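Please read it with the structure open beside you.

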Amino acid sequence: MKLLTNISTLYRVPPDAAHDEVDAVSDATVAWEDDTIRYAGPTAELPAEFSQAETFDADGRCVVPGLIDCHTHLCFGGWRGDEFAARLEGKTYQEIQAAGGGINSTVRATRQADREALRLKASEALADMARLGVTTVEAKSGYGLDRDNEIKQLEVYLQLQSEQPLEIVPTFLGAHLVPTEYRDRRDDYLQLLCDKLIPEIAERKLARFCDVFIESNAFTLAEGRRILETARDHGLGLKIHADQLSSGGGAGLAADLGAVSAEHLEYASDEDIRAMARAGTVAVSLPIASLYLREPYLPARQWIEAGVRVAVATDFNPGSAPSYHLHLAMTLAAVHQRMSPAEVLRGVTTHAARAIGLETSHGSLMPGYRADLAIIDAPDINHWLYHFRPNACLRTLKSGRWLQVLR
Ligand code: NIG
Ligand code: FE
């Protein structure tokens with residue numbers, strides 16, 4: 001048994017409460033055994049049986065559940081700073097992609113990169129994320145777009161899972177774009193995805209989810225439905241990059257298929273918002289992508305009022321969101337999406353856990369949940385989101401173990 005005491009404010013963030021209810025407890029203690037929380041509540045009420053334990057001091061700081069980045073494209077070759085500069089001069093994301101850049105350029109760099117280089121680059125990002133208080137990361141493929149290179153990315157995730165402490169939830173995004181060599185025979189690429197890749201990846205358990213980018217220059221609604229129905233038949237959970245750059249009905253498809261989440265969603269229709277609320281599909285907002293592409297931010301108030309759970313993630317990738325700084329996404333979600341600090345905290349804990357199918361074990365500091373937490377150098381979450389700085393996280397606990405967090 002281990003204890004963390006002297007917590008000024010403990011945010012328990014129970015899984016089934018209102019959007020802005022984070023259950024803040026003053027003068028609190030957390031007890032855990034191995035990788036599981038045993039007690040989280042007022043120090044005065046700590047059961048006597050838990051008091052004889054190795055004790056750590058939170059030094060009067062606040063404590064939140066380990067943060068969950070539920071949408072990243074973690075493994076990729078190269079960067080695209082040249083496109084960033086071109087966009088600043090007025091080129092659009094779609095124009096750059098149509099000219100052979102964008103996702104295509106990262107596909108070329110990822111195909112060329114060897115596994116070790118990809119592993120090293122992703123592991124450096126994970127180490128930084130851990131220092132920021134992140135304990136679980138969803139990670140997509142989607143820059144290979146052929147059998148060997150998609151599997152190369154997913155195997156990098158498998159290897160990273162075995163050698164570093166953060167949990168990685170892998171998602172197959174072979175339907176990120178039709179690769180250039182299939183441009184004139186799209187159907188052959190769909191066949192490759194549905195007949196070969198999805199069955200193999202599901203069989204080898206290389207991914208838990210399948211994602212599709214539904215957009216005018218990526219995949220159509222009908223193609224998305226076909227790919228996701230195949231994935232569902234093979235036991236994969238479903239996600240959709242939907243309505244990011246235009247209104248394409250992706251959010252409605254996510255609701256219709258019972259997808260666990262739909263992401264971006266800035267252009268989703270009112271009708272599709274209602275459909276997602278009825279289906280219980282999580283809306284994953286990605287404000288760093290809105291920042292970099294100068295696109296609208298998710299009107300989160302409308303979504304929350306419609307009864308949709310809104311998660312917040314980084315979308316870390318070399319094009320639209322070249323940062324894994326979850327705190328930046330959180331502050332943007334507060335300022336531009338008009339989410340309260342409590343809603344934002346839910347967005348990176350319980351709602352993010354739900355977006356990756358982990359809501360019964362991750363994202364809350366309740367007995368039985370995973371012992372994942374972050375000590376934040378702020379008196380409360382208002383101050384944390386307001387005073388943006390390089391890193392407000394003092395220490396991260398993952399599965400009951402302190403990570404060697406340097407500041
Ligand atoms: O989530 N929208 C599609 N995919 C990524 C961007 C990928 C890239 O630009 O490399 C996104 O924004
Ligand atoms: Fe994305």
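1. Which residues does Gln244 touch, not counting residues up to four places away in sequence? They are Phe213, Glu215, His264, Glu266, Tyr267, Ala289, Leu293 and Glu295, where contact means heavy atoms within 4.5 Å. Gln244 itself belongs to the loop between β10 and α8 (250–257), the helices (H or I, at least four residues) and strands (E, at least two) being DSSP runs numbered from the N terminus. With a relative accessible area of 6%, Gln244 is buried; here buried means under 20% relative accessible area, exposed over 50%, and partly exposed in between (1.4 Å probe, protein chains only).

2. A word on the basis of these values. This is a predicted model, in which local features need pLDDT of at least 70 and side-chain atom pairs count only at pLDDT 80 or more, while totals for chains, interfaces and linings use all residues. Residues are numbered from 1 along each chain as its sequence is written, chains are lettered from A and ligands numbered from 1 in the order in which they are written, and side-chain values use heavy atoms, with hydrogens and water left out.

3. Leaving aside residues up to four places away in sequence, Val312 touches Ile68, Ser285, Pro287, Leu326, Ala329, Met330, Ala333, Met339, Gly347 and Val348. The C-alpha atoms of Val312 and Ala352 are separated by 7.0 Å, although these residues are 40 apart along the chain.

4. In helix α12, the buried residues are Leu326, His327, Ala329, Met330, Thr331, Leu332 and Ala333. Their cover includes β6 (67–69), β7 (134–140), α10 (287–293), β13, α13 (341–347) and α15 (381–386). Arg338, which follows α12, has a positive phi, near 60 degrees. In the loop between β13 and α12 lies His325, which counts as buried at 17% relative accessibility and touches Leu132, Ile288, Thr314, Phe388, Arg389 and Pro390, again not counting residues up to four places away in sequence.

5. How do helices α5 and α6 pack, and at what angle do they cross? The axes of α5 (residues 147–163) and α6 (residues 186–203) come within 11 Å and cross at roughly 25 degrees, the axes being lines fitted to C-alpha atoms, for helices over the stretch in contact, and the angles running from 0 to 180 degrees between N-to-C directions. That makes α5 roughly parallel to α6, since angles under 35 degrees count as roughly parallel, over 145 as roughly antiparallel, 65 to 115 as roughly perpendicular and the rest as oblique. Arg147, Ile151 and Leu154 in α5 meet Leu197, Glu200 and Ile201 in α6.

6. Helix α4 (residues 115–131) packs against α5 at an angle of about 50 degrees, with the axes 10 Å apart, and the two are therefore oblique to each other. On the α4 side, Arg115, Leu118, Arg119, Ala122, Ser123 and Leu126 meet Lys152, Glu155, Val156, Gln159, Leu160 and Glu163 of α5.

7. Finally, two further backbone points deserve a check. Asn6, in strand β1 (residues 2–11), has a positive phi of about 60 degrees although it is not a glycine, and Asn6 counts as partly exposed at 35% relative accessibility. Leu265, in the loop between β11 (261–264) and α9 (270–279), has a positive phi near 70 degrees, and Leu265 is buried with a relative accessible area of 1%.
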